[in-house]
Every structure is written in structure tokens, then in C-alpha cells.
Amino acid sequence: MSALLSTVPPLLWPVLAPALLALLIILARPAPNVREGLALAVGLANAALWLSWWLGAPPPPLLLHEFQPGLSLSLSLEPLGLLFGTVAAVLWPITTVYAAGYMRANSEERQNAFFAAFAASIAGAQLIALAGDLLTLFVGYEWLTLATWPLVTHKRNADALRGGRIYLGFLLATSLGLLLPAIVITVMVAGSADFVAGGLLRGSGLSATALTLLFAAYLFGIGKAALMPVHRWLPAAMVAPTPVSALLHAVAVVKAGVFVVLKITIYVFGPELLSRTNAAQLLLWVASASLVLASVQAWRADHLKQRLAYSTISQLAYVSLAACLLVPGALLGGALQILAHAFGKITLFFCAGAIYTAAHKQQVSQLDGLGWAMPFTFGAFAVASLSIIGLPPGAGAWVKWYLALGSIDAGQWAVLGVLAASTMLNIAYLLPIPLRGFFAVPRPASVTRAEAPWALLAPLLLTAALSVVWFFALGPVIDRLLLIEGVGR
Amino acid sequence: MSEILLIAPVLLPLLIAPLVVMLGSQRAGWLLAVLAALVATLASAALLPALGEGPRSYHFGNWPPPFGIEYVLDGLNTPLLLLTNASALLALIAATPATLAGRFAGREPVFYALFLLCLSGLSGILATGDAFNVFVFLEISSLCTYGLVAAGPRPGSALAAFQYLILGTLGGSFVLLGVGFWLQATGTLNMADLAQRLPQSEYGEVALAGSVLLLLGFALKSASFPLQQWLPAVYAAAPWPVTAFLAACATKVAIYAMVRLALDVAALGEAARWLFGLIALVGIVWGALAACVQRDLRRMLAWSSVSQLGYILFAFSLGTAAGVTAAMIQFFSHGAIKGGLFLALGPARSFDDLAGLREREPWRCAMLTLLTMGLLGVPLTAGFAAKWALLSAAAQAGHGIGLGVVIFSSLLAVVYCLRLLEPVWLRAPQRDAPQLPRHAMLLPPALATLAMFALGLTPWAASFGRPAAQALGWAP
């Protein structure tokens, strides 16, 4: 058995293991306890594998299949992919515990299909993280889109159907309509689909206009990054059960989007080429606008998950903004956002799900005074909010720090203003939620604790704690990211 | 031996067909038909390895061309011969006497004989090097198709077949007139001979009129825009294995004939390619738009075919080796995907029939989903390989409009593919869902699904690009 296991190249495991798990759940239909135990075991082993790659030397690249010379399926590990893959891998088992609790507490139907599609989605996300070339990246990207569709439509009511249509329509249309043509043109111009340190297109001799158009095709084609106006799918996806919103639509799917944005910027164009030709200037303003407008939308939303969804759109725009600033500090900030926002936002969604499960409340305006009944949940919400806003001791503080440094570095003073405005808006739409919970009404004389079951509470406390831990422990992550050409000085 | 191989795919079904009728038994007739299609498939597969050695020809009765009838198998038609026979094989496997469900009251052997004759006709159009022979085989295949369509289960099947007959006869007459004009202008019917004489003919206008008539005839048979109206009605009316067969290869054979006669034999060059590009691009968008709004499941897939066939014609219209490669991939890709879809759908006709398939028939649901992914052009499937090749070829040729149209139509494909997936995955099962064929019937669509992935993962179909381009004189 171990001989058989060792014949599988290590880079393949993060894709293969969740995919096999999904297949097993579909075909064998294990009992709920076995199923979730198995998912947890695979998730933990997967997380351990990713963490081990931070310590040791990275495994060698892997060529899976060659379609024709220059076009292949290949896997390779570089610091950015390592970061994204690890974030998804670490949060998956935590979410498995949460999902088990949530699905049982709300007696959701079709749990087998749910867990199978969940595992299949993780496999897609990890394929994106490990993709060694543009084609493999595209395979993982579409896989992730399709594997998450059954999750978005899980409830199968009219809302879910409508949400599913918008979800699949937006993501497939942008990827087939813009991303795929952009990839085809890149491969034609560069003669290869590989990711190259310093930029695949560096020596291509494309004009500034052509580069601007191509860069725009990528940025809007990567619909998962939810840059306005291709953001509509994300609020629509909120009809899914909360664990899906938490891991997929706050972490795996959207982070896959911004990860691909960064990956394309760094390895396909190269910051040097883009800044020399000024190709990203226009998109800098699109990202800035997206950032502020989505924050305003979040501020106006009363439905808690909608508010978090618009907040996600705004937070993703930070990464697109970083990709357009093109200076090392900003790119570092963008990469750290993948980590910081993931832990912060998953906590917020976990809290939203816990509130729904324990109190059946979904609107912000209904939360007055609920904090005394659910102090841990609202406490975790407050901590995670700090991280999203970018205040110490949340990990998000470093993101804002590096982005601000980067925008000064790039001489984009207006962007500094955008960052400040957005921070104000973040405070305005996030902090009122815990404040309402505790202080909107005077503390009742006798409080009955009504927290969600432990399976929901433990994960959200853990992720909230981790977003504080990252504030102090980002050093090794930054060291690794600085190895990337274009991010390190 | 190899001599016989050249004519086996055409002659074998032709000779077996009367035998099937004489045998009289349903079951034996079916087995014999499947066997004939299998041997014809193997024979056409055996022709592939020697593809690089240039065209091979067979002279009937040892009469040397241009006096006798000649079969010429080159890089363009040999792969299509395999596609046609393999599609027929899968469709025939599905068309068991049980599938036909006694609609023939004991005359099922006639159905199988018609099927084999139709196959023989299509193979004949592909293989022959003689212009009049093209007409003969066209009529054989068309007449059989009318019969096969009329055998459909809908009350309107006979009417649909009759309407198709009228249009088809019109198309056939155009072809006959065209061949006659060519004969008048050059005094020959052999294609290679025609290719030499047509440009030098002193009756240039007659030759040109002949070419136009031929193009018109085959544009109708290939359902090229704007002559595509018959296609949805026929696909909706025919028995489902017949629809699968027609969808997989029949219109493609007509496209082959258009390309062969206009671009190779008549060498109309630039003008014809421009025309092909125009009708292809309009058809691509028109078909996809129409597919989005259809209420009938099969009509939706039929309109999608109109769009997808446009890809092939557009690829040829580029006039480059890369374009021919894209066309060859799309021939096979669409054959496997659309044929497979109709096989997997079986007798299902409306979107309601598909409701709850995920619970009722997980395997059929899996295949339908995968084939729909192929139609969408999701990576790893043949549909993606075809789209990639087509986009590259269009970009290489600097055809910006074509690039845009192909992209736009693939967005529309998202809409109509989603319409197919939604009932399969998300709707609750209906109580009066039609009885789908037994599990054994899953073999043909399963093979088509496998073929779709094999085509997507290997450069097999792309390897025909070079020989096919050589056959058209577009590659050294």
C-alpha cells in the first residue's frame, strides 16, 4: 500500500485526494459520521502536506500530459501558489467540522451530494494553486466553476435556481468570452503557455495598446476576482448554505480569482513590462472604483450575507488594485490579502451561519441585543472585523500597510485616498454589527446563553484566533513571497 | 487486400442491406446490420495509417479514369469515412428491435436496410472521385433518410419527412443540374479531370453556373445558413437513433461535398471562401440564438448543430492549414458530442422528460453532463480542443470578426447548455416520465463520451489536419 502511495508524485495529492474523496462519497454513499470523518481525515492530511512544503524544499514540477508541443497539463509549486493552496488546505478541515454541524443543525437535504461537491471544489482550487501553465490553470478554473454550481443551487428552490443561473452564466461567460481568448492570444504571441519568472510576454514586443487590451481581457475574464462590473455572481451565490459561502465564496473561489490575477500579472506579463508600457493605469481606476462602490453597497445592505458578499467584492478589489500598482510592496500586500482576508472573512461567514442556526436571524437590523446571548460568536465577529478593516491586532493590518507603502512608492497618491476612504467604509459597515449585538439595547438583567452548537462555535473561534496569530507570525510568509521575481526587491 | 479496403466501407452496407430484408428476422437483421457497420468501421480505420502516403484510388472494373468510375481516398475524406461509419455503428447498436418498439409491425428489417443504404450513400459521397456518382449517392442517402425520418414516433413524423423530401429533392435537383452543367462545360465527370478542365473551359459561365447550383444543393443538405430550416424539424421527428446518426455525420458529409467541389474541384478560391465565411459566421450566431429560445429539447440541440456546423465551414473558409486542422477536429468533436447527446437522451423529447434524471438515472445524468461540458468547450473535452484550434486559426489568420463571432456564440452556448443541465440536476422527477431504454442502451453514449475525452486529450484528430490540408493543396 505504501509502495503504491509513493508512486503518486507528491504534487498530485492535493488534487487527487479530494477528487477521489468526492468520487467515493458519490459511489459508496457512506454513513454521515463515516463521511465527515473521512473528509476531515483527508483534509487534515492535505493541510499537513501543504504545511510540510513550507519547511522543506519544494517538490519537483510534474508534467501530467502533453497535448502537443508547447501545450500541456503540468503542476509546479511556487511561493504564491504555495500561499493560496495552503490557505485553502488549512481552512478546508476547519470548514468540514463547521459544515457537519451546520448541515445537521439545519437538517439540510442531500448532504451526500453536498460533501461530494465540496471536495470536488477543493480539488479544483488546489489544481489552480498548483497549475504550472496557463492551460492547466484554465482547466482548474473551469472545474472549480462547475463543481461549485451544485452547491450554489443546493436548496433547489426558485431563488437557488436563479442564483445558479447568474452564477454559472457570469463565471462561464467571462471565462469563455474573455479569459480563454486572452490565453489563446498569449500562447500564440509567446509560443508557450508556461509561467515564466519575470513574465512570459516580456520579450513579445506587443504594443502598449495591445498589452492594455490583453491585460483588461484577463482582469475582467477572471470573473472569480469579481472586479466590477463582473461581480454580480457573488451576491447571487449567497443563496448557498453558509459553509459554502464561507469556504468557497469567501476563500477558495474568490481567492482563486485574485490568485490568478496576481499570477498572471507576475508570471505572464511581469510587473516590469506593465509599468514600462503603463498598460495597467486604466484598470487601476476600475479597481479603485470597484473597491469604493462595493463598500458603499455593503454599507447599504441589511441582509447579513449580502453585506459580507459586497464586502468581499471590495476586499478582492484590493488585490486587483495591487496587481495594477505593480510595485513590489503593493504586490506583496496583494498576496498577503489572500491570507488575511481568507481567515477574516471565513470567520465572519461562520458567525453569520451560527447566528442563523441559533437564532434564525439574517438581517443586520434584527441583531440588536443578540450579542449577550451569543457573546463568543459576536466577539469573534468583532475580532475578524478588525482584521478586515485593517486594524491591529488583525492580520489585515499588514495588507493595508504594504498597500499604502506601495501606492506611495508608485507615486499614486490618489490611491492612498481610496484606501483611506475604503477603511472608513469598512468600519461603517462591519463594526455596527457587533456593536448592535452588545449595545443597541441595554443589557438584559438575566441572559440565557444561546450559542450555536460547538461544531459551529469551535471553528469560528479558531479562525478568529488565527487571524490574530497571523498579525504576529507573518514573517515566514513574507520571506517566502519575497523570493518571487518582481515582489522581492 | 488493400484494394478491397478502399471500397469496402461503401460496398459492404450496400450489399448487406438487401440481405437484411431477405433474412426477415428482426433480431438477426439487427445483428447483421451492426456487424456490417462494425466491419465497415474497421475497414475505414484500417485506411488511416497510410494517410501520409498521399491519395489512393480504386478504378471500378479496371476502367482507367477519366473513363471509368474512380474512388479516391485522400487526407480529407478518409478520416470522415471513419467518423461516418463509427457514428452509424453506435446508432445501430442503440437501434435494437426493442428500441424501435414495434412501430414497424414486423417490418423492422426494412428499417435496418434503409439505415445501411443511407450509410452506404454517405460513405459513397465521401469516397467517390466522380461528380455524377456524388449525385447518385446523395440520392441514395436522401431517399433512405426520408424513410428513416418517417419512421419516427411523433404524429408529425411523416409530415416532417415529406417536407424534408420536398426540400431534399430540390437540393438533389440542383446537384444534378450542377453536375450536368459541368459535364456540358468540360465533357467529363471525373473530379480530378474536372479540376484540370474547369478553369480552361471555353464555357466559363456554364461551369460557374454549375458550381453555384452544386453549392446551393449541398448548402441545403448541410443546413448551412439560410437553408437550415428543415434540420430542427427532422431532428425532432426522427426516431432517436436516427437523429443521433444524422446529427453525428450526415450534415458533415454535405459540408465535405461543398468544400471538395467548390474549393478543390472547381477551385473557386477566394470568392467561395468569402461566401463560406459569411454564411458560416451568420449561421453560427443565428443557430446559437435560436437554440437559446427553443422550447423543444431536440430542436434546441438541432439549432446548436447549425451553429456548430458553422464552425467547420468557417474553419475551412480561412484557407489555411491551421484552419483545416481546426475543421478536422471539429468534425470529430461535434460528431462525438452531438451524436452522444442524442444517444444519451434516448426518447426524451422535452425538458420535462429530463427532470430529476440525477436521481432516476445517475449514469445517464453523468454522461449527459459530460457531453454538455463538451458542447460548452470545457477543457479536457474534445469541444475545448476544437475551440482552441479554431480560435488559434482565426487569430493566426487575423480574422478578428470570426474570432469575435466564435467567442460570442460560445457565450450563447452557456445559455442553452444551462437549459439542458438545469432539469437534469435541479428539477424534481416527474411522475409520467417516459420509460428510458434499458441499461444496455448506455453503451453507445458511453462510447461516445469516451471518444469525446480521447479526442480532447490526444492530438489524434489534429493529426489529420496536415493530410487534409495537403488534399486541398493548402499545405506542402
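## Notes on a two-chain model

1. Let's begin in chain A: His360(A) counts as exposed because there are 9 other C-beta atoms within 10 Å (12 or fewer means exposed, 20 or more buried, anything in between partly exposed, with C-beta atoms placed from the backbone). This is a predicted model, where local features need pLDDT of at least 70 and side-chain atom pairs count only at pLDDT 80 or more, while totals for chains, interfaces and linings use all residues. Residues are numbered from 1 along each chain as written, with chains lettered from A and ligands numbered from 1 in written order.

2. You'll find His360(A) in the loop between α14 (328-359) and α15 of chain A (helices are DSSP runs of H or I, at least four residues, strands are E runs of at least two, and both are numbered from the N terminus).

3. Is Asn278(A) buried or exposed? With 12 other C-beta atoms within 10 Å, Asn278(A) is exposed.

4. Two peptide bonds are worth checking by eye. Most residues other than glycine have a negative phi, and most peptide bonds are trans. In chain A, the bond running from Pro392(A) to Pro393(A) is cis, with omega near 5°, and Pro393(A) belongs to the loop between α15 (375-389) and α16 (396-409). In chain B, Phe225(B) and Pro226(B) are joined by a cis peptide bond with omega of about 0°. Pro226(B) falls in the loop between α9 (204-221) and α10 (230-237) of chain B.

5. On to where the chains meet. Chain A brings 21 residues to the contact and chain B brings 21 (contact means C-beta atoms, placed from the backbone, within 7 Å). Which elements give two or more residues to the side of chain A that touches chain B? They are β1 (62-68), α6 (134-152) and α7 (158-190) of chain A. The largest share of that side, 12 residues, comes from α7(A).

6. Next, the inside. The largest nonpolar core has 397 residues (a core is a set of buried Ala, Val, Leu, Ile, Met, Phe, Trp, Tyr and Cys joined through C-beta atoms within 7 Å). The members that touch the most other members are Ala88(A), Ala119(A), Ile128(A), Leu339(A) and Leu116(B). Take Ile128(A): leaving out residues up to four places away in sequence, it touches Leu137(A), Gly140(A), Tyr141(A), Leu144(A), Ala256(A), Phe259(A) and Val260(A).

7. α6(A) turns up again in a helix pair. α6(A) packs with helix α10 (residues 242-269) of chain A at an angle of about 160°, their axes 12 Å apart (axes are lines fitted to C-alpha atoms over the stretch in contact, and angles run from 0 to 180 degrees between N-to-C directions). That makes the two helices roughly antiparallel (over 145 degrees; under 35 is roughly parallel, 65 to 115 roughly perpendicular, the rest oblique). Leu137(A), Tyr141(A), Leu144(A), Thr148(A) and Leu151(A) of α6(A) meet Val244(A), Leu248(A), Val253(A), Ala256(A) and Val260(A) of α10(A).

8. Helices α2 (residues 26-46) and α5 (residues 108-127) of chain B pack at about 10°, with their axes 8 Å apart, so α2(B) and α5(B) are roughly parallel. α2(B) contributes Gln26(B), Gly29(B), Trp30(B), Ala33(B), Ala36(B) and Ala37(B), while α5(B) contributes Glu108(B), Pro109(B), Tyr112(B), Phe115(B), Leu116(B) and Leu119(B).

9. Another chain B pair joins α14 (residues 321-345) and α16 (residues 362-376), at an angle of about 155° and with axes 9 Å apart. α14(B) and α16(B) are therefore roughly antiparallel. Ile337(B), Gly340(B), Leu341(B) and Ala344(B) of α14(B) meet residues of α16(B), among them Arg364(B), Met367(B) and Leu368(B).

10. Last one: Leu51(A), in helix α3 (residues 32-55) of chain A. Leu51(A) counts as exposed, with 12 C-beta neighbours inside 10 Å. Leu51(A) and Thr86(A) are 35 residues apart in sequence, but 6.7 Å apart in space from C-alpha to C-alpha.

Note on methods: Two residues are in contact if their C-beta atoms, placed from the backbone, lie within 7 Å.
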